[in-house]
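Let's take a walk through the aromatic rings of this protein. Have the chain open and follow along.

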Amino acid sequence: MTEVLNQDTQNKIIRFLFEKHGVRGEIMQMDTPCFKLLEHHNYPLSVKQLLIELACSAILIGSTLKANGQIMVQILGGKGDHAIKYALINIDKDLSFYGSAALIEGNDYEGELSFKDICGEDAVLVISVFPEDGNKWQGIVSLDTVSLAKALEGYFKNSEQLDTTFFIYANAKEHKAGAIMLQIIPEIKDNHLSLEHLSTLCSTMTYEEITSLSLYQNLHNLFVQEEVKVFDPKEIQFKCVCSRERCERALKGLPRTELENLISDNGTSMTCQHCGKIYSFTKEDLEKMLLTVSQ
């Protein structure tokens, strides 16, 4: 039993449900994906913190998606001296994700900023689902809340009619995060009372516990008096979708005159806005592309 409780679960998410309650849940912890998400960006600490919390949100939501596809969780910033332009995370069905943020020139992002500061007035949270088979759908909720967790709870309650609670723990300085989501199972008696009871237990969790102990140990500590069914863990990873081939297609899509100008400049380079990887193209590379571009 001790071996199971101490099993390494870093960079993983585990689904669980309660035998005697109409509630299901997800619990996760990660460090390496946090580091890779921020590695090539010089974001202020407050923006790094927001991106990690947004990544946790996307992972929790993505793990519940039944159909194959992708999810984008995005914050569109509002008005204010500290507000961002946007922050987004894209996550695939295999729980690999990437993302980035854009700042507003002239705004001040230094110091300890609250969630409302960094989002700004009239900011919104947009959750978009892109199923492989089916139509895209989107939900939008106001970010007039004190935390991303509360905003997500409002989204699920109002848009999905599924009472849900979120607990997100993140530290941008340490590149570590953990999170828990609890959600009612519809049409089961007293599920709302169960959610309230189990959420109270989850509220005792600390950042140190969820990032240092195994997920099995945390579930045991939180719900020691409950009957919990635990499913196999799934891996979380940062994985950008950029490639040299994508950059080549973008360059070939330029007007012929622009491509000729880049050749005159002895080549060019393109930097991925999400992962920061640089793709360089020599003059010779561009001359070969020019042969495939129509007049």
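Is phenylalanine 156 buried or exposed? With a relative accessibility of 8%, phenylalanine 156 counts as buried, a word used here for under 20% relative accessible area, while exposed means over 50% and partly exposed lies in between (1.4 Å probe, protein chains only). Before going on, note that this is a predicted model, in which local features need pLDDT of at least 70, side-chain atom pairs count only at pLDDT 80 or more, and totals for chains, interfaces and linings use all residues. Residues are numbered from 1 along each chain as its sequence is written, and side-chain values use heavy atoms, leaving out hydrogens and water.

Phenylalanine 156 has a partner: its ring centre lies 5.8 Å from that of phenylalanine 166, and with the planes at 35 degrees the pair is tilted. Rings of Phe, Tyr and Trp (its six-membered ring) pair if their centres lie within 6.5 Å; planes under 30 degrees apart are stacked, over 60 edge-to-face, and the rest tilted. This pair links distant parts of the chain, 10 residues apart: phenylalanine 156 belongs to helix H5 (residues 148–158) and phenylalanine 166 to strand S8 (residues 164–171). Helices (H or I, at least four residues) and strands (E, at least two) are DSSP runs, numbered from the N terminus. Phenylalanine 166 is buried as well, at 3% relative accessible area.

In total, the structure holds six aromatic pairs. One of them is edge-to-face: phenylalanine 97 and phenylalanine 238, 5.8 Å centre to centre with 90 degrees between the planes. Phenylalanine 97 is buried at 0% relative accessibility, and phenylalanine 238 is buried at 13%. Elsewhere, Phe16, Phe18 and Phe223 form one aromatic cluster.
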